Structure formats: C-alpha cells, structure tokens
Amino acid sequence: MKCREVNFDGLVGQTHNYAGLSFGNLASGNNAGNIANPRAAARQGLAKMKALSDLGLKQAVLPPHERPHLPTLRQLGFQGSDREVFESAWRHTPELAAGCTSAAAMWVANAATVSPWADTADEFTHFTPANLTSMFHRSIEHETTGRILQAIFSDKNRYKHHAALPAGVHFGDEGAANHTRFCNDYGAPGVELFVFGRYAFQNNQPHPVEFPARQTFEASRAVATLHQLDPERTIFAQQNPAVIDAGVFHNDVIAVGDRNLLLYHEQAFLNTQDVLNEIRSKTSDQSIHLIEVPHAAVSVEDAVKSYVFNSQLLQTENDQTMIVAPLECQTNASVSAYLDELIAQDNPIQSVKYFDLRQSMKNGGGPACLRLRVVMSKQDIQQCEANVFYNDPLHDQLGEWVDKHYRERLSPAEVRDPDLITECRTALDELTQLLNLGSIYDFQRTSA
Ligand code: SUG
C-alpha cells in the first residue's frame, strides 16, 4: 500500500508569550519576559506549512488549545465568573495563571506518540497522548489533545486511541519528541526507537543532575507495550545525561531520523556504540544511514543554540532528502559550514531549506517541535472528515482567521488581560467549524 507520512503542524495559539516556564529549556529561560507577537508566530508557522505543501509534501494542521484554561484554575480552587477566576489566579498564584495561559500545545511533537499499523500486532495505528507531567503548563494538554486526535482519526477500524499514561514521576512522557521510526517505506514494517532521559525505578542509574529528564524509560516501555510493538523491532536508548544538563531537554534537540536515516550528535546517547549496534542489527532489512555529527564540527552548545537537530528530514518528490532547518542555523558559522559540507557529501541529504520560526524558537521550539508525523494511506486521507489537510484555500482561510483574531503583541502584563478569554473562545469556535472538528474544547462542551 502506498503511504505518505503526513506532517501535522501545530497552529500557534493566541496567547503565545514568553513566560519562562520550562526549566531546562534554555531558550524559554533566556527569553522570559520578552514581548511576543502571536500573530507573527502563527504566520511563521503557516508559511512553513504552505512552503512544504507547495513542495508536494503532505501537510496538515492541528488546532491550538483553549487558553487561558479556566477549568484547570477552577480545579485548583478559584471560584466566581471566568473573569474573576482568571484575575484572582493572577493575583494569588501567578505561576499557575501563567501555566494555564501558555500556548505551549503548539509544539505538537510532544502531543503524542504514534505507531503506524505496519508496526503493531493488531494492525491498528495507535496514538498515546503524552502526559507531559514534567511541566505543569504542559501537563494540562493531554485531554484536549486526545479529543483532537480522535476527531481527526475517527475511523474505529483503523485507529486506536489510548489515554495518556498515569501522571506522576514514574511515567513522564513527552511523546514523539523522543521517538523515531526507521523504515524502507512508510507503509512497510518499521523499527521504533524510544529515547529516554532516566530510569524512574532505579535511582542508581546515570541521570542528569541540573535539569529534569522529562522522559522516563518506564514511560517509553509502557507506550511500546500499549502500541503492541514487536520487541525485536523496538529499541530503547538512554540519552546522555550530560547533554540534558547542557539544555537538550528532548532527544529531538540532538538527533533526527526519517525512514532509513539518522542524523545524531556524537554525544546524543549514553553507550553510543551499543545503541548504534542495536539500530544496525534490528534494521538489517533496511539500508540504514547513520550520520554522526562530531562535537568538533558542531558543539552541543551550538546544537542547542541553532536547533540544527530540530530540523525535519523530508523526502522531496525526486526521492531526495531535504533538511528543513531554522534560520538560526544559517547564522551560526559552525552549523552552516557543517550543513554545507553535509549536503556536499555522499548521503541522502541533498538540500537545506531555512525557515524563520523565530517566535517559536525563542521558546525552544524549532521546525521538528512544531510537527507530529502520522503515516496515512491515500484512502485514510480521503476518508478523513476533518478539513485539516493543507491547500491554498485552507492557507488563505487560516491566514485571514489569524489576522482577525490574533494580537500583534503580548507582554507579560498584557497576558493577564481577561479579555483573552472571550477572544480565544470566539476564535476557536470559528476554527472548529473551519476545520470541521466538532466540539473539542471544554468551553464548547459544558452547558452554560
Ligand atoms: O516544552 N517550550 C516548550 C518547547 C517544546 C519543544 N518541543 C520539542 N523539542 N519537541 C517546552 O519546553 C516554553 C513556554 C514558556 O516558557 O513560555 C515551552 O513550553
């Protein structure tokens, strides 16, 4: 069966702002308090989707979440009208109010882990929304994420939707940001690589000391079990704790893979040789390319600053691989020199395309953070009732929608504006109609 890997990009939400919420994500900390431009952020995301769709790639969009999220603030004890809840949360517990106002759900690489039917024992495509328990502002995403995925992937004979893993310190799960799939062809059986930051049940194992390891081995293993993956075609690899302490809070900040290609930094993994040997032996039916980027060419510091590994590797129509990188890679001398060298070498990567995603990058989100990959057959795409697949009319409609509903600046003071509640709901109500998603948001589901 001929299949495509569809890139679902998260649409930036109206409350996009710089609140410094993600400890261990250096960009988030460094840009805390800056003034954000939600409209520009959303426009930058749309421009990437349009460019990739114009290149013949299958592109789709995932909607933002309802923010501020009043149900969470009510659950935490705030009472009164929506405006009163929001205002008193900002007055008494600004850290909770900020968490409930974050637009972080835009980084949909963290939305879920997806295993296509070709890899699973029951031949269903499995989805597990990530619980994102390490960061409060992200731990409130998974219920809405689950509803969005179920609205889009609604065929019960094709898709299985799991609940997020149990909350708590043992099962921290950050979704596809720590998940890579190797295959010859998207519809053929693949080998799934799960990268984790620490063991939750064994405290004597290596782990980062400064910053949190957001993904546990136990979470990765549980997702693989839920998805009915073949242990012979599943790999668990530990991230190098030293790089987590250097700001690599997800594996997709230090390695990226697609089909039979893995581009990884020399220091990405603990026990690198064991990881590479296991990848080689489990993918022995594929012609795997493992490209190691030496620290001497690109330091971990430059990798974190430029987000070169947070690129997308995409198959263009002539079956060549293109690397979609953030603009910051072009302006970083060692990274741009490395990329020039990489495309000149004898390997599948033939071209680089740079994108201005600076609004997202300032919160630690590059091209790969913004997308969730789902393998779909032509029939799956045709049968999908949601209007989420990118084309020129959708691009124009979303552009108009953004211009109508998004502010051009959001400072730390402006993010407290209770008018955002209605602005957000009005826009999202329109969006769910545009994308034909039904009632996915809490405000659409609770009777007044
Ligand atoms: O979870 N930033 C996100 C960035 C996620 C990037 N995703 C991947 N690497 N796949 C995070 O740390 C910052 C929000 C703030 O500080 O306002 C934030 O949530």
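**Backbone geometry, cysteines and ligand shell of a predicted model**

N436 has a relative accessibility of 46% and therefore counts as partly exposed, a class lying between buried, under 20% relative accessible area, and exposed, over 50%, as computed with a 1.4 Å probe and protein chains only. The structure is a predicted model, in which local features need pLDDT of at least 70 and side-chain atom pairs count only at pLDDT 80 or more, while totals for chains, interfaces and linings use all residues. Residues are numbered from 1 along each chain as its sequence is written, and side-chain values use heavy atoms, with hydrogens and water left out.

Although N436 is not a glycine, its phi is positive, at about 55 degrees, and the residue is placed in the loop between helix 17 (419-434) and helix 18 (442-445); helices (H or I, at least four residues) and strands (E, at least two) are DSSP runs, numbered from the N terminus. A positive phi, of about 60 degrees, is also found at Y307, again not a glycine, in the loop that runs between helix 11 (300-306) and strand 12 (312-315). Y307 counts as buried because its relative accessibility is 4%. A further backbone feature is the cis peptide bond between R67 and P68, with omega about 0 degrees, where P68 belongs to the loop between strand 2 (59-62) and helix 3 (70-75).

Across the whole structure, the search for disulfides, defined as pairs of cysteine sulfur atoms within 2.5 Å, returns 0. For C100, the closest cysteine sulfur is that of C424, and because the distance is 13 Å, the two are too far apart for a bond. C100, at 0% relative accessibility, counts as buried, and C424 is likewise classed as buried, at 4%.

A backbone N or O atom of A19 lies 3.0 Å from a ligand oxygen atom, and a polar side-chain atom of S28 is 2.8 Å from an oxygen atom of the ligand.

Notes: A polar contact is a pair of N or O atoms within 3.5 Å; within protein, one must be able to donate a hydrogen and the other to accept it, and residues adjacent in sequence count only if both atoms are side-chain atoms.
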